[in-house]
Amino acid sequence: IGYLSQEPVLDCETVQECIDQAVKSSQDILDEYTEVSMKLADPDLSEEDTASVMSRTEDLTNKIEAANLWELDRIVGRAMDSLRVPPGDAKVSLLSGGEKRRVALCRLLLSN
């Protein structure tokens, strides 16, 4: 559940920045998974550290699968297309009122 004002205020420079704000927490999980996975490739990792990294990888994998984050890029793209959001590189300051509302709605839907 969220609130969408009649005249939304978008505090970002481009449309993509606004959308990225909505999925930041999900993207952070994916980024951490990538970082942790890279640690597994370290040949100097001790057994203790390997066990710790494997445990963290498992936790992150469970979060990713539970929230279907493997599909995040596709979901964001589909939401933007379905709502006919302007291109990601469009400047927010140049958008019409209706376009701003569509960006705000997309951001709200993706944040839930």
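In α1, the residues V15, C18, I19, Q21 and A22 meet V103, C106, R107, L110 and S111 of α5, where contact means heavy atoms within 4.5 Å. The model is predicted: local features need pLDDT of at least 70, side-chain atom pairs count only at pLDDT 80 or more, and totals for chains, interfaces and linings use all residues. Residues are numbered from 1 along each chain as its sequence is written, and side-chain values use heavy atoms, with hydrogens and water left out.

- Angles under 35 degrees count as roughly parallel, over 145 as roughly antiparallel, 65 to 115 as roughly perpendicular and the rest as oblique.
- Axes are lines fitted to C-alpha atoms, for helices over the stretch in contact, and angles run from 0 to 180 degrees between N-to-C directions.
- Helices are DSSP runs (H or I, at least four residues), numbered from the N terminus.
- The crossing of α1 and α5 is right-handed.

**α2 and α3**
- The axes of helix α2 (residues 24-39) and helix α3 (residues 47-66) come within 10 Å and cross at roughly 150 degrees, which means that α2 is roughly antiparallel to α3.
- On the α2 side, I29, L30, E32, Y33, V36 and K39 meet V53, R56, T57, L60, T61, K63 and I64 of α3; by class the contact holds 7 nonpolar, 2 polar and 4 charged residues.

**Largest pocket**
- The volume of the largest pocket is about 170 Å³.
- Its lining has 13 residues, of which V23, S26, L72, L110 and N112 are the closest to the pocket centre.
- At least two lining residues each come from α2, α4 (72-82) and α5 (97-111), and α5 gives the largest share, 3 residues.
- The lining has 8 nonpolar, 5 polar and no charged residues.
- A pocket is an open set of points on a 1 Å grid over the protein atoms alone, where a 1.4 Å probe fits, with protein on both sides within 12 Å along at least five of seven lines; lining residues have an atom within 4 Å of a point.

Technical notes:
Ala, Val, Leu, Ile, Met, Phe, Trp, Tyr, Cys and Pro count as nonpolar, Asp, Glu, Lys and Arg as charged, and the others, Gly among them, as polar. Grid points are joined across faces, edges and corners, and a volume is the space filled by probe spheres set on the points. A crossing is left-handed if the near helix is turned anticlockwise from the far one by less than a right angle, and right-handed if clockwise.
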